[in-house]
Structures are given as structure tokens and as C-alpha cells.
Amino acid sequence: MDDPFDSSVNLEETHLKEGYDEGYSDGLVAGKEEGKQVGLKVGFEVGEELGFYSGCIHIWTSAIQIDPTCFSSRAKMAITQMQDLIHKYPLMDPEDLQVQEIMDSLRLKFKMLCSSLHVKLHYNGYPAEANDTQF
């Protein structure tokens, strides 16, 4: 004869398993949505920073076209190297292992170039909204 409490023990295990399975599937859905939002935010920030550097390079190369003697050969070489790094950045493959290495190289080159040009430029990121500002 079966134990009368056996069904109670199985009931608890059944509810535990159902709860776990339901929580797991809900977590997958929520995790995908959160991952999508984080990916969009980070992708926007990276694109914005690359755009800032690209804009600076565009201005500097335009200045060189107008007056080829306006920058030293060392500065011109750094501008070209920054341009190459931007073109090498894998926009369509964010999981590429070189992504962080290229961004670090770009940031370093930019700082060195600004220093050699005696220019005080720095990338601050997208300005915070008015309600996010702390006083």
C-alpha cells in the first residue's frame, strides 16, 4: 500500500519544478530584453565616440589640405594612424576581440595628438539630461 503522505511530498516537488521552469523561461525573456537595451546603449555610446574622433580627424585633414605645413610630420602621421584605427574598427562585429584594443589605441592617440597640437579637446560623452544633473 502507498504512503498517504507520498502524494504531498510529490506535490511539493512538482510545484517546485513548475515554479523553477516558469521562472527560468520568464528570466530568459526578461534577460533578452535587458540585453537588447544594454546593447543599444553601449552601441550608441561607442558610435558617438567614434564619430567624435572621426569629426576631429576630418577637421584636421581639411586643415592639412588647405595648408599642408600647418602640422608637423609627426602630427600628420598620428592623424593618419587615428584614421586607420577608425577604419579598422569592426562596426558590424562587436564581439571581435580587437574592439577594446582599438578603442584604447584611439583614445591614447587622440590624447597624444591633442597634446602635440596644444589643443584642449576631450571626449565627454553625450551630455546628461537636465533632470539627471546633480547640484
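User: What should I know about the numbers before we start?

Analyst: It's a predicted model, where local features need pLDDT of at least 70, side-chain atom pairs count only at pLDDT 80 or more, and totals for chains, interfaces and linings use all residues. Residues are numbered from 1 along each chain as its sequence is written, and side-chain values use heavy atoms, with hydrogens and water left out.

User: What does UniProt list for residues 19-57?

Analyst: An unreviewed entry there gives "domain: Essential protein Yae1 N-terminal"; such annotations may be inferred rather than shown by experiment. In the model that span is 100% helix, and its end C-alpha atoms lie 56 Å apart.

User: Switching to rings: how many aromatic pairs does the structure hold?

Analyst: Five. Rings of Phe, Tyr and Trp (its six-membered ring) pair if their centres lie within 6.5 Å; planes under 30 degrees apart count as stacked, over 60 as edge-to-face and the rest as tilted. Tyr20 and Tyr24 are stacked because their centres are 6.2 Å apart and their planes sit at 20°. Both are in helix H1 (residues 6-66), four residues apart, about one turn of the helix.

User: Is Tyr20 buried or exposed?

Analyst: Exposed, at 56% relative accessibility. The cut-offs are under 20% relative accessible area for buried, over 50% for exposed, and partly exposed in between (1.4 Å probe, protein chains only).

User: And which pair links distant parts of the chain?

Analyst: That's Tyr53 with Phe110, a tilted pair at 5.0 Å centre to centre and 50° between the planes. Tyr53 is in H1 and Phe110 in helix H3 (residues 99-117), 57 residues apart. Tyr53 is buried at 3% relative accessibility, and Phe110 is buried at 3% too. Ring pairs also tie Phe52, Tyr53, Trp60 and Phe110 into a cluster.

User: Which residues have the most contacts inside the largest nonpolar core?

Analyst: Trp60, Phe71, Ile79, Met82, Leu106, Phe110 and Leu113, in a core of 22 residues. A core here is a set of buried Ala, Val, Leu, Ile, Met, Phe, Trp, Tyr and Cys residues joined through side-chain atoms within 4.5 Å. H3 gives the largest share, eight residues.

User: What does Leu106 touch?

Analyst: Leaving out residues up to four places away in sequence, Leu50, Tyr53, Met82, Leu85 and Ile86, with contact meaning heavy atoms within 4.5 Å.

Terms used: Helix = DSSP H or I, 4+ residues; strand = E, 2+ residues; numbered from the N terminus.
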